Amino acid sequence: MKKITIAIDGFSSCGKSTMAKDLAKEIGYIYVDTGAMYRSVTLYALRHNLFNADGTIREEELQAQMKDINISFQLNKETGRPDTYLNGENVENEIRTMEVSSHVSPIATLAFVRKALVEQQQRMGAEKGIVMDGRDIGTVVFPNAELKIFVTASAEVRAQRRYDELKAKGIEADFADILKNVQERDYIDSHRETSPLRKADDALELDNSQLTIAEQKQWLYDQYCKAAEVE
């Protein structure tokens with residue numbers, strides 16, 4: 001098998017990260033959750049009062065502070081998966097809260113944020129042997145990736161998954177609020193000016209609305225085997 005780059009894009013709460021993490025672990029690749037990177041910038045902005053009362057962002061202040069935002073990933077030995085670190089602090093759970101979810105899309109539309117994080121992501125993937133998921137991996141970050149997957153599912157299914165995930169962590173959640181957030185994020189992600197969410201022309205589409213985790217894992221592994229075969 002040759003080392004390849006695997007780009008997984010799609011809508012929020014599609015289970016992209018779970019799929020990507022599991023595949024990377026199975027084939028011994030590095031996994032990078034780009035959504036966690038945008039969530040980390042959002043958490044930083046919330047902590048440093050860079051949102052105005054009306055929800056708009058103090059863009060000049062955030063742009064000036066981007067150099068102070070260091071995002072890294074470290075393997076969690078208990079879970080066997082990488083946790084997200086913001087300036088050396090484990091923020092894996094904090095970046096998954098509804099507060100961060102409801103603020104992340106406006107942050108992700110900012111061209112200077114995307115430019116800074118895309119440069120980091122491209123450096124991470126320079127050696128191949130990487131699985132990366134996000135919104136613009138196959139279109140912007142790695143347009144030449146050997147395997148591109150675009151994941152989708154109905155908004156209702158995705159909201160239910162997010163609701164179940166939060167409840168399992170003991171976090172209070174309201175299904176209607178989550179569904180609204182999912183729909184709003186879909187619109188913002190698809191209509192933003194910089195790197196909008198879209199399926200790359202050469203990406204394989206996976207609608208996992210009705211698939212079990214085992215079924216989608218097998219499908220993804222099969223696609224990897226086809227793409228990584230030595231020619």
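Predicted model: local features only at pLDDT ≥ 70, side-chain atom pairs only at ≥ 80, totals over all residues.
Which residues in helix 7 meet which residues in helix 8? Residues are numbered from 1 along each chain as its sequence is written, and side-chain values use heavy atoms, with hydrogens and water left out.

From helix 7, Ala 155, Glu 156, Arg 158, Ala 159, Gln 160, Arg 162, Tyr 163 and Leu 166 take part. Their counterparts in helix 8 are Phe 175, Ile 178, Leu 179, Val 182, Gln 183 and Asp 186. Contact means heavy atoms within 4.5 Å. The residues of this contact divide into eight nonpolar, two polar and four charged. Here Ala, Val, Leu, Ile, Met, Phe, Trp, Tyr, Cys and Pro count as nonpolar, Asp, Glu, Lys and Arg as charged, and the others, Gly among them, as polar. Helices (H or I, at least four residues) and strands (E, at least two) are DSSP runs, numbered from the N terminus.

The axes of helix 7 (residues 155-168) and helix 8 (residues 175-191) come within 9 Å. They cross at roughly 125°. Axes are lines fitted to C-alpha atoms, for helices over the stretch in contact, and angles run from 0 to 180 degrees between N-to-C directions. The two helices are therefore oblique to each other. Angles under 35 degrees count as roughly parallel, over 145 as roughly antiparallel, 65 to 115 as roughly perpendicular and the rest as oblique.

Five strands form an open sheet with parallel pairing, in the order 2-6-1-7-8. Two strands pair if DSSP finds at least two bridges between them. Strand 2 (30-33) and strand 8 (204-207) are the edge strands, each pairing on one side only. On average, neighbouring strands are turned by 20° against each other, direction ignored. Strand 1 (residues 5-10) and strand 6 (residues 130-134) pair over five bridges. Among the partners, Ala 7 is bridged to Met 132 in strand 6. Helix 1 (residues 16-27) packs on the sheet, and its direction makes about 180° with that of strand 6. Helix 9 (residues 213-228) lies across strand 1, strand 7 and strand 8. It runs at about 160° to strand 7.

Lys 128 has a positive phi, near 65°. This residue lies in the loop between helix 5 (111-124) and strand 6. Ser 195, in the loop between helix 8 and strand 8, has a positive phi near 50°. Most residues other than glycine have a negative phi.
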